[in-house]
Amino acid sequence: MAQDSRTPEVDEFVRRLVAKTGITEAQALELVSLLGLNWASLMREAKAMKAAQRR
């Protein structure tokens with residue numbers, strides 16, 4: 001993972017989000033930048049994003 005001034009906490013959220021939902025790192029970073037570190041919101045939006053990709 002590139003470290004462009006991200007904190008270890010953000011990196012951990014991104015890794016977990018990618019692993020649990022299958023979205024890309026770029027998508028996970030976008031969600032974190034939009035929603036912050038609210039895990040429930042991140043999971044909800046990541047799942048919606050993944051479902052939209054399947055359509």
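Trainee: Leaving aside its neighbours within four places in sequence, which residues is Leu42 in contact with?

Mentor: Leu42 is in contact with Phe13, Leu17, Leu31, Val32, Leu35, Gly36 and Leu37. Contact here means heavy atoms within 4.5 Å. Before we go on: this is a predicted model, where local features need pLDDT of at least 70 and side-chain atom pairs count only at pLDDT 80 or more, while totals for chains, interfaces and linings use all residues. Residues are numbered from 1 along each chain as its sequence is written, and side-chain values use heavy atoms, with hydrogens and water left out.

Trainee: What makes up the largest nonpolar core?

Mentor: Eleven residues: Val10, Phe13, Val14, Leu17, Ile23, Ala28, Leu31, Val32, Leu42, Met43 and Ala46. A nonpolar core is a set of buried Ala, Val, Leu, Ile, Met, Phe, Trp, Tyr and Cys residues joined through side-chain atoms within 4.5 Å. Helix 1, helix 2 and helix 3 (39–54) each give two or more residues to this core, and the largest share, four residues, comes from helix 1. Helices are DSSP runs (H or I, at least four residues), numbered from the N terminus.

Trainee: Why is helix 1 called oblique to helix 2?

Mentor: Helix 1 (residues 8–21) and helix 2 (residues 25–35) pack at an angle of about 125°, with their axes 9 Å apart. That angle makes helix 1 oblique to helix 2. Angles under 35 degrees count as roughly parallel, over 145 as roughly antiparallel, 65 to 115 as roughly perpendicular and the rest as oblique.

Trainee: And which residues of helix 1 and helix 2 meet?

Mentor: Val10, Val14, Leu17 and Val18 in helix 1 meet Glu25, Ala28, Leu29, Leu31 and Val32 in helix 2. The residues of this contact divide into eight nonpolar, no polar and one charged.

Trainee: What makes helix 1 oblique to helix 3?

Mentor: Helix 1 and helix 3 pack at an angle of about 40°, with their axes 10 Å apart. So helix 1 is oblique to helix 3 as well. On the helix 1 side, Phe13, Arg16, Leu17, Lys20 and Thr21 meet Trp39, Leu42, Met43, Ala46, Lys47 and Lys50 in helix 3. That contact divides into six nonpolar, one polar and four charged residues.

Trainee: Why is Gly36 called partly exposed?

Mentor: Gly36 has a relative accessible area of 26%, so Gly36 is partly exposed: buried means under 20%, exposed over 50%, and partly exposed in between (1.4 Å probe, protein chains only).

Trainee: Where does Gly36 lie?

Mentor: Gly36 lies in the loop between helix 2 and helix 3. The C-alpha atoms of Gly36 and Phe13 are separated by 9.9 Å, with the two residues 23 apart along the chain.

Note on methods. Axes are lines fitted to C-alpha atoms, for helices over the stretch in contact, and angles run from 0 to 180 degrees between N-to-C directions. Ala, Val, Leu, Ile, Met, Phe, Trp, Tyr, Cys and Pro count as nonpolar, Asp, Glu, Lys and Arg as charged, and the others, Gly among them, as polar.
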